[in-house]
Amino acid sequence: MSRTAFGRPLLPWLLILPSFALALFIICYPVYNIVFQSVHEVSRFGLIKGFCGLDNFRKVFADPIFIASLWRTLWWTLGVVGGTVLVSVPVALILHLDFYGRGVARTIVMLPWSVSLTMTAIVWRWAFNDEYGMVNVTLQRLGFIDAPIQWLATSNWAFPVEILVGILVSVPFTVTIFLGGLSSVPGDIYEAARIDGASTWQQFRRLTLPLLRPFINMAIVLNVIYVFNSFPIIWVMTQGGPSNGTHILVTYLYEKGFRLGKPGEAAAISLVMLAMLLCFTALYLKIQPKAKDGEGA
């Protein structure tokens, strides 16, 4: 068998070369196209007019709406991901218990995951309608409010509401990850802990959380990538309004590229988003504890 310069068989590399080349093309060509558009002046119909250097980036960073959207994206990601993890851990612990009707309870929790995110956002937009939405009607009947609240009419209410909806739609996926992690934890250690007199809180803090940490890390990474680029909730509920008060980067990118007809600036925004995700990935890999020598051998 022919060998490479490093003394390894060449045939396996030749066998995977077509698939590798195809995957590389699928990944690299869109990135190249976006970089190309970001440094050119592009018409709303995609016609390349000429090279403009970093002008698109200068225009984007000089736009106060972009800066506000950037900070709002960070708060959106932090709020949704953090809230999702905090809610999903106790839900997963409850669903992991052996009780009558556990299968039905798990089905109810997982069912929203099968519904289109756009349809979910439409339902919640109706629910938070200030005239006939079920949220205002329920709160009024319970006596918590005297008059309907215009939830989506001001950014002070609309953005927190959208974060809440983002948490609710992210819980089923995250609970699934945590249930998989809990199912891999051996029950003997809990029995030994109970014999030693450990309380429920001590078992959770000293056993469950450390053993669940790899799955929590996985959920955080996947949710950050998913939530950071999440488009339907904010666009369907408020379309970035009112007064651009709920825009995040992905919705502002869409508005720049398709409503305002500025593909060059939209490409620049997309590269900023890519850089932010790459920075998050690098930071995540850096703070992860390194495997000890010989571990996993």
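1. Let's start with Glu-255, which is buried, with a relative accessible area of 12%. Buried here means under 20% relative accessible area, exposed over 50%, and partly exposed in between (1.4 Å probe, protein chains only). A quick word on the basis: this is a predicted model, where local features need pLDDT of at least 70 and side-chain atom pairs count only at pLDDT 80 or more, while totals for chains, interfaces and linings use all residues. Residues are numbered from 1 along each chain as its sequence is written, and side-chain values use heavy atoms, leaving out hydrogens and water.

2. What does Glu-255 pair with? Its side chain meets that of Arg-259 in a salt bridge, at 3.9 Å from N to O. The term covers a side-chain nitrogen of Lys or Arg within 4 Å of a carboxyl oxygen of Asp or Glu. Both residues sit in helix α11 (residues 249-259), four residues apart, or about one turn of the helix. Arg-259 counts as partly exposed, at 44% relative accessibility. Helices are DSSP runs (H or I, at least four residues), numbered from the N terminus.

3. Asp-63 joins Lys-256 and Glu-265 in a network of salt bridges. The whole structure has four salt bridges.

4. Over in helix α2 (residues 55-61), Asp-55 and Arg-58 lie three residues apart, about one turn of the helix. They form a salt bridge too, with the closest N and O atoms 2.6 Å apart. Arg-58 counts as exposed at 52% relative accessibility, whereas Asp-55 is partly exposed at 33%.

5. Now for helix packing. Helix α7 (residues 155-183) and helix α9 (residues 200-228) pack at about 150°, with their axes 9 Å apart. That makes α7 roughly antiparallel to α9; angles over 145 degrees count that way, under 35 as roughly parallel, 65 to 115 as roughly perpendicular and the rest as oblique. Their crossing is right-handed.

6. Finally, the surface: Leu-11, Trp-13, Leu-14, Leu-15, Ile-16, Leu-17, Phe-20 and Leu-24 make a nonpolar patch of about 840 Å². Patch residues have over 30% relative accessible area and no salt bridge, with nonpolar side chains joined within 5 Å and like charges within 9 Å. At 46% relative accessibility, Ile-16 counts as partly exposed.

Notes
Areas by Shrake-Rupley, 256 points an atom, 1.4 Å probe, with all protein chains shown as cover. Axes fitted to C-alpha atoms, helices over the stretch in contact; angles between N-to-C directions. Helix = DSSP H or I, 4+ residues; strand = E, 2+ residues; numbered from the N terminus. Left-handed = near helix turned anticlockwise from the far one by under 90°.
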